[in-house]
Amino acid sequence: MNLILLASDVSVLIAQKLAGGTELINKLEKPLLGVLVLVIMFGMGATLNLNDFKVALKKPKGILVGFLSQFGFMPALAFGISWVFQLDPQNAIALILIGCLPAGSTSNMFAYFSRGDLALSISMTSASTLMAIIMTPILLVFYGGLSIGGTESFTTQLGAQMEGGKFVIPVKDIIVSLLVVMVPVIGGMILLKKSPGWAKAAEDTAGFAGILVILFLLASVLARHSDLIVATDWKIILSSILVGLAGFKFGYLFSWLLGLPPRFRRTISLETGIQNGPLAFAIVLLTFGGSTAEKNLLANQMLWLPILYSMFIVITSSVVTLIYRKIGKDDYELYVNEGVQKKLFGPHYRDGMSGPKAAV
Amino acid sequence: MSLKAKNLAEMYEQAAIVYGDRAAFATKQKDKTWKPITYKELYQTGVDLATSLIHLGVKQRDHVGLIADNRVEWIIADYACQLSGSTDVPRGADITDDEIKYILDHCGAKVAFIENVALVERVKKAKLKSLTHMILMDPHEKAPKGVLHINDLIKDGEKLREKGDRKVEERVAGIQPDDLFTIIYTSGTTGAPKGVMLSHENVISQLSRIPIEINPLDRILSILPVWHIFERVFEMFAIYNGSCTYYTNVRALGDDLKNVRPTFMGSAPRLWENIHAKILANVEKAHPVRRALFHISYFCSRMFQGSTYFLTFRKLDLEGRNILVSLGMGIFHLLRWVFFLPWYGLFNASVLERLRLAAGGDLKASISGGGALPPHIDEFFNYIGIPVLEGYGMTETSPVIACRTFSRLVLSSVGPIFPDTELRLFDINSGELIYPNPNKPNGGKGIKGEIHVRGPQVMRGYYKNPEATKKVLKDGFMNTGDIGMITFNDCLKIMGRSKDTIVLSSGENVEPVPIEGKLLDSPLIDHVMVVGQDEKFLTVLVVPSVDGFKEIGITGNVEELSKNQEVEKKISQIVKSAVSAETGFKSFERLQDFRLLPKTFEVGDEITNLFKLKRHVITEKYKKQIADMYRSSK
């Protein structure tokens with residue numbers, strides 16, 4: 001098959017494994033993955049309060065900048081990295097898919113600990129999750145079909161490998177799977193409205209279970225396929241690390257250029273770089289896979305990059321968070337102190353400026 | 001940024017110049033809003049009031065009474081005393097009639113600031129000979145006849161200043177380092193109060209050496225009585241560094257932690273025990289999943305932080321390990337540290353942060369003083385990520401003798417000796433020098449002894465009481481009456497109070513405080529006191545907790561509870577299980593009997609403002625119950 005000829009070493013190896021009856025993600029891991037997505041999305045919903053949205057929309061600049069950064073820079077960065085490294089089309093489209101996805105729910109925790117703005121982080125995550133239903137397919141089709149510098153677009157390249165000579169991004173299926181994913185989010189929101197106590201428990205449980213399951217999945221997949229890591233081209237590994245780091249960098253720079261305060265910069269930076277990894281698995285399995293052996297092979301090959309991304313993003317975002325925490329100490333303390341004093345002393349109070357005369 | 005002042009009055013002036021329009025203090029008003037006062041306003045008001053004091057006839061080095069609880073007028077009055085070159089003699093509004101008479105008479109105050117009209121009436125009744133002027137502090141009350149009002153004096157002073165009065169400047173220039181800034185009468189568990197004379201040099205030596213960094217963006221929540229030296233020096237330290245101090249009280253603490261989001265808070269062990277109990281109660285009430293998460297998180301944190309402490313040489317070492325053992329433990333801890341790092345990271349972020357939010361979420365450290373912090377409370381706060389900087393000191397040493405720092409945070413110790421302070425330990429029985437003594441094994445480290453200190457913080461003596469002074473001060477060394485030990489990581493560990501120690505008839509010495517701390521862990525118990533001096537065994541007096549029993553469905557006031565069979569059964573179980581071999585107590589430390597008391601312990605009566613038991617008072621008051629417990633053994 002010409003499919004194997006054009007692909008990178010790791011994709012070849014995956015194809016060989018599949019031919020030998022070994023799927024990248026086995027029968028046990030697939031349902032676990034489904035549960036993971038369900039739990040994570042439910043937990044996200046349990047943090048979502050419509051009032052918070054309304055408050056966030058009153059000062060929309062942060063969300064707007066975040067939106068541009070998430071759906072403007074991130075897909076472009078993913079495409080740029082794929083193009084510069086000339087990744088094979090399976091991995092390139094997987095990377096672009098990661099770039100087009102909404103922010104991951106762990107971004108909230110990282111934003112909080114980087115002394116960022118938790119409210120902005122939550123509204124950015126949820127807004128992007130909602131917007132993804134439209135944005136992800138549009139962007140994926142656009143960047144997948146984009147050809148620059150005379151090279152063929154990644155979809156055309158992939159199509160050339162397929163039996164029919166043509167590959168179309170399954171837009172409808174992607175929209176459907178994103179809509180399906182919204183069901184647990186709405187479930188979580190209803191729970192929050194009905195019983196805030198249980199919603200808190202759900203939020204904790206989801207965050208915790210989510211991390212446990214993803215760690216288990218990563219460990220299990222990597223343990224069974226340790227040969228894949230060795231076989232993976234350094235360009236693919238580098239791409240999977242770089243896409244997150246570039247997202248952090250551009251998110252920060254962009255919001256800095258637009259004059260947002262450091263707290264927002266840190267938040268937008270992390271929100272831009274941290275994507276919803278489990279959602280990438282779900283979409284690949286639900287929409288790119290399918291009945292035919294060819295599609296199944298494609299799905300298997302496309303899963304490898306999200307696995308690498310999910311593994312590395314945990315490490316890079318932890319490191320970046322620690323750095324942000326350190327450099328953000330002063331501006332955060334200033335911000336908190338101003339906030340507390342305004343709240344306690346009245347909205348017009350400015351520390352260090354002449355305050356209201358204290359009558360004794 | 002720190003100030004260079006020779007005395008408090010200069011320090012106040014410099015703070016006004018450097019920190020100017022920043023908020024110095026904030027107090028809650030009746031309508032729940034907070035009112036700040038800036039450094040400049042505070043200084044200006046202080047100067048005006050000082051001018052009036054001088055005009056009233058207050059001379060340099062005169063003593064001025066100051067009877068009030070925490071309020072912004074307290075600080076203003078203190079400013080005025082320092083700026084007029086006089087010495088204040090503070091005491092809280094919980095002062096007893098006997099104390100009013102004794103203290104104000106003993107210090108010879110001609111002028112006294114009094115918080116409110118009710119107190120003014122009580123002072124009047126004491127018929128003090130030397131007192132000529134009383135100044136009412138509460139701005140919402142009208143001064144009775146013959147009593148001045150602080151606001152009028154401030155206005156008068158302002159007018160005098162406008163006319164060119166510059167006496168304050170002369171007074172400030174005339175302050176000598178040896179002049180007293182305050183005389184604090186110790187509440188003392190026995191005998192008449194003693195007036196501790198503390199000089200400007202004493203307090204400045206503390207301010208310039210406290211090894212904690214705070215800055216103008218720090219918020220300090222204040223709950224201890226300001227007339228107590230620990231709180232007072234902490235507030236002075238906040239002024240010195242331009243931070244803002246927010247006044248709260250026990251009832252409002254929960255709310256104010258969330259409103260003020262303090263970055264530092266100083267308090268006595270009892271308060272940390274309360275917060276600890278509240279956090280645990282919330283955990284118990286929480287959803288089972290969250291409860292399990294908490295326990296897993298705490299475990300991971302304990303493993304990770306425990307290894308961090310070891311690897312950074314901050315694990316308590318009382319025996320001096322040999323190198324091989326240390327090396328072996330080092331490798332073990334390194335592996336454990338690496339293994340728990342990701343788990344700790346995860347749980348710290350997802351679970352422990354929630355707990356820290358209960359304390360506002362921004363606490364950089366809690367500062368504990370005024371009594372020994374029970375080890376498990378200490379561990380709890382450190383492991384959930386709120387470092388506890390425990391200090392050790394006393395009024396007589398204005399107050400700090402030793403204090404933990406972030407880099408020398410050794411659990412169960414009170415940290416390294418304060419800079420420029422000499423410390424000696426003496427054998428309690430033989431009086432032999434234990435530390436520093438090159439003839440002792442390890443130079444005297446790891447051996448218990450009575451603590452004596454010399455340094456710039458040691459008091460000038462007890463006012464008009466040379467006999468008592470002579471008893472505790474020899475060659476500049478202050479006998480603290482505490483028993484301690486120098487650890488092998490050069491920190492001080494306090495082992496007990498030589499006066500608290502209960503000596504059983506068998507000759508065994510028992511420190512009651514750890515036992516009491518263990519019992520106080522129970523939410524069903526409010527107060528306890530272990531007794532047994534010269535008896536064969538220990539017993540305990542217990543005040544059941546009204547709130548605690550309400551939680552489990554038994555209602556009633558303390559008196560009703562003390563007669564309730566159910567309550568007795570519950571307490572009996574706690575007394576038996578809390579102090580046992582399993583919980584690390586020796587057999588002679590076990591409690592053989594207990595009595596429920598019909599009345600709670602009140603601040604000022606049975607306990608001091610710092611929640612220290614006045615053991616003699618309680619023993620006297622409940623001698624019948626105590627005798628009853630030992631009747632059968634005789």
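Tutor: Start with pLDDT: the predictor's confidence in each residue, from 0 to 100. You need it here, as this is a predicted model.

Student: Where in chain B is confidence lowest, and where is it highest?

Tutor: Where pLDDT is low, the predicted coordinates should not be read in detail. In chain B the lowest mean, 76, falls in strand β24 (residues 509-510). Helix α3 (residues 72-83) of chain B is highest, at 98. Chain B as a whole averages 91, and 98% of its residues score at least 70.

Student: What is the strand order in the open sheet of eight strands?

Tutor: Strands of a sheet pair through backbone hydrogen bonds, either parallel or antiparallel. In chain B the order is β2-β1-β11-β10-β12-β13-β14-β15, and the pairing is mixed. β2 (34-38) and β15 (400-403) of chain B are the edge strands, each pairing on one side only. From one strand to the next, the twist averages 25 degrees.

Student: How do β10(B) and β11(B) pair?

Tutor: In the parallel sense, over four bridges. S222(B) sits opposite Y247(B) in β11(B).

Student: What does helix α17 of chain A lie across?

Tutor: α17(A), residues 329-345, lies across β1 (23-28), β2, β10 and β11 of chain B. Its angle to β11(B) is about 40 degrees.

Student: And where does helix α16 of chain A bend?

Tutor: At F312(A), by about 25 degrees. The 35 residues of α16(A), 293-327, reach 51 Å from first C-alpha to last, close to the 51 Å expected at 1.5 Å a residue.

Note on methods: Residues are numbered from 1 along each chain as its sequence is written. Chains are lettered from A and ligands numbered from 1 in the order in which they are written. This is a predicted model: local features need pLDDT of at least 70, side-chain atom pairs count only at pLDDT 80 or more; totals for chains, interfaces and linings use all residues. Side-chain values use heavy atoms; hydrogens and water are left out. Helices (H or I, at least four residues) and strands (E, at least two) are DSSP runs, numbered from the N terminus. The expected span of a helix is 1.5 Å times one less than its number of residues. The bend at a residue is the angle between axes fitted to the seven residues ending there and the seven starting there. Two strands pair if DSSP finds at least two bridges between them. Axes are lines fitted to C-alpha atoms, for helices over the stretch in contact, and angles run from 0 to 180 degrees between N-to-C directions. Contact means heavy atoms within 4.5 Å.
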